[in-house]
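Keep the structure open while you read.

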Amino acid sequence: MENIYKIIENEFENIIKDLSTLISMKTIENIGENGTPFGCENKRALDFIVQKAQEFGIKYKNVDDYVCWLEIGKGNEMIGIPVHLDIVPEGLGWDTDPFRLEEKDGYFYGRGMVDNKGPAIIMLYLLKFLKNNKKLNKRVRVIFGTNEETGMRCIKHYIEKEEIPTIGFTPDALYPVVVGEKGRLHVKISKNFKIKRSETYIKFWGGEKSNIVPANAECEIYNYTDDNSSLRLAYRGVACHASTPEKGINAISELIKMVLLKDKNKIINIEILEKINELLLEDKNKNLYKIGEKLGKLTLNVGTMKMSEKEFICELDIRYPETITKEEIKKHLEEKFDSSYKIEILVSKPIHYVEENSEIVIKLLKVLKNMKISNNEKPVTMGGGTYASYFENMVAFGPKYKNIKTGGHGKNENMSKEDFKKNILIYYNAIITLSEK
């Protein structure tokens, strides 16, 4: 252990320098930009990882600019560690520049610090530290994806083209070990119509991505007053990850409630807002808001909404337990919204569950116990989705600790310097432990 402590201290300046470079890249999905799968910045991040692999003398492969992988070690079995280089939009309210790594009061700030560029850089350097380690009895492959936040098409592409790991974890959730993930649906609801500009109607806009609880929403009701003036309303909420919507305040749903308190009978397209509002009421949707013994309760986030005098488009993020299927969810939505609405499933991620007595879970809990970070803590489940759900023998493992707010999908995303260094040690020991025969 003394050796790895010294290595971390000697290399820490380089680690932070490379993390700073990665965080400066605005790796937000831009499909097809200049012929790239997910955008020029996402490709630039992949190229940066490949450049570091060449510099460190590590085996690598770029898989069609969807992902790249770096590998060390020998053997038939392979430990897989998928991480992602893409991020959600920065949003509003930051106290620092989200695309500039900044250290303040013992914390590192920047978009991707936790989700997931910080862990990605840790894994890159652990490959460098471990490439000549004789304790490794398996190959270790870190897979760097570029489309985790908006569909995970990158990891699906990897699975179609490349070798599947024997066992593994993704450092993209929380400790101690995440054994279960809810299924996820990204659903688009849309409708076309024609409204005369002389009528009283509402235009509405809010949100950035379906998997973020929106912090801002605005609307304007045209021809609302007796003299045909407009009424403009806005709501400022609190952004957070869509898998835990109860931790934020959804500006879209709150603004809808405000509008419905007005003289709504005169607004010609108010029915649409009424339908969305009713969808959020659990007592009116008992067939939808199911609870599972393993994975808990279904959650629904209205992530984005736009409504003009010509069309309505809304995107939902739904996280569901084992007691309901995606087919049942779609059927419920179709019944709530009549045939004039179009219901599309844009992204579907399956439910994932690994038994608590499996090798991967036992070994990772052992790592935390031996390091006195966790003592007999039980594995957890969550609504958030990770790459682990696409592999049978894989779980999510860190980098966050329970009850510590990191701002992962909100403002001021951060990780303490102490926790960052601790994560390097945890993941070092996890790789060594998993490689044991």
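A disulfide here is a pair of cysteine sulfur atoms within 2.5 Å. The model is predicted. By that cut-off the structure holds zero disulfides. A search of the whole structure does find 34 salt bridges.

**Cysteines**

- Cysteine 68 takes part in no disulfide. Its nearest cysteine sulfur belongs to cysteine 154 and is 11 Å away.
- Cysteine 68 is also buried, at a relative accessible area of 0%.

**Salt bridge between arginine 139 and glutamate 163**

- The side chains of arginine 139 and glutamate 163 meet in a salt bridge, at 2.7 Å from N to O.
- Arginine 139 sits in strand β6 (residues 139-145). Glutamate 163 sits in the loop between α4 (153-161) and β7 (167-170). The two are 24 residues apart in sequence, so the pair ties together separate parts of the chain.
- Glutamate 163 is partly exposed, at 33%.

**Salt bridge between arginine 197 and glutamate 309**

- Arginine 197 forms a salt bridge with glutamate 309. The closest N and O atoms are 3.2 Å apart.
- This pair links distant parts of the chain, 112 residues apart. Arginine 197 is in the loop between β10 (183-192) and β11 (201-206). Glutamate 309 is in the loop between β18 (299-307) and β19 (311-320).
- Arginine 197 counts as exposed, at 59% relative accessibility. Glutamate 309 is buried, with a relative accessible area of 10%.

**A buried pair and a network**

- Aspartate 317 and arginine 319 form a salt bridge, with 2.6 Å between the closest N and O atoms.
- Both aspartate 317 and arginine 319 are buried.
- Salt bridges with shared partners join Lys59, Glu71, Arg139, Arg141 and Glu163 into one network.

**Positive surface patch**

- Which residues gather in a patch of positive charge on the surface? They are Arg236, Lys247, Lys405 and Lys411.
- Lysine 411 lies in the loop between β24 (399-400) and β25 (414-416). Lysine 411 is partly exposed, with a relative accessible area of 48%.

**Cis peptide bonds**

- Aspartate 115 and asparagine 116 are joined by a cis peptide bond, with omega about 15°. Asparagine 116 falls in the loop between β5 (107-109) and α3 (117-130).
- The bond from tyrosine 175 to proline 176 is cis as well, with omega near 5°. Proline 176 is in the loop between β8 (173-174) and β9 (178-181).

**Positive phi outside glycine**

- Asparagine 34 has a phi near 50°, a positive value in a residue other than glycine. Asparagine 34 is placed in the loop between α1 (2-23) and α2 (40-56). It is exposed, with a relative accessible area of 69%.
- Asparagine 403 is not a glycine either, yet has a positive phi of about 65°. Asparagine 403 is found in the loop between β24 and β25. At 84% relative accessibility, asparagine 403 counts as exposed.

Methods: Residues are numbered from 1 along each chain as its sequence is written. This is a predicted model: local features need pLDDT of at least 70, side-chain atom pairs count only at pLDDT 80 or more; totals for chains, interfaces and linings use all residues. Side-chain values use heavy atoms; hydrogens and water are left out. Buried means under 20% relative accessible area, exposed over 50%, partly exposed in between (1.4 Å probe, protein chains only). Patches are made of residues with over 30% relative accessible area and no salt bridge: like charges are joined within 9 Å, nonpolar side chains (Val, Leu, Ile, Met, Phe, Trp, Tyr) within 5 Å. Accessible areas come from the Shrake-Rupley method with a 1.4 Å probe; for residues, only the protein chains shown count as cover. A salt bridge is a side-chain nitrogen of Lys or Arg within 4 Å of a carboxyl oxygen of Asp or Glu. Lys and Arg count as positive and Asp and Glu as negative; His and the chain ends are not counted. The place of a charge is taken as NZ of Lys, CZ of Arg, CG of Asp or CD of Glu. Helices (H or I, at least four residues) and strands (E, at least two) are DSSP runs, numbered from the N terminus.
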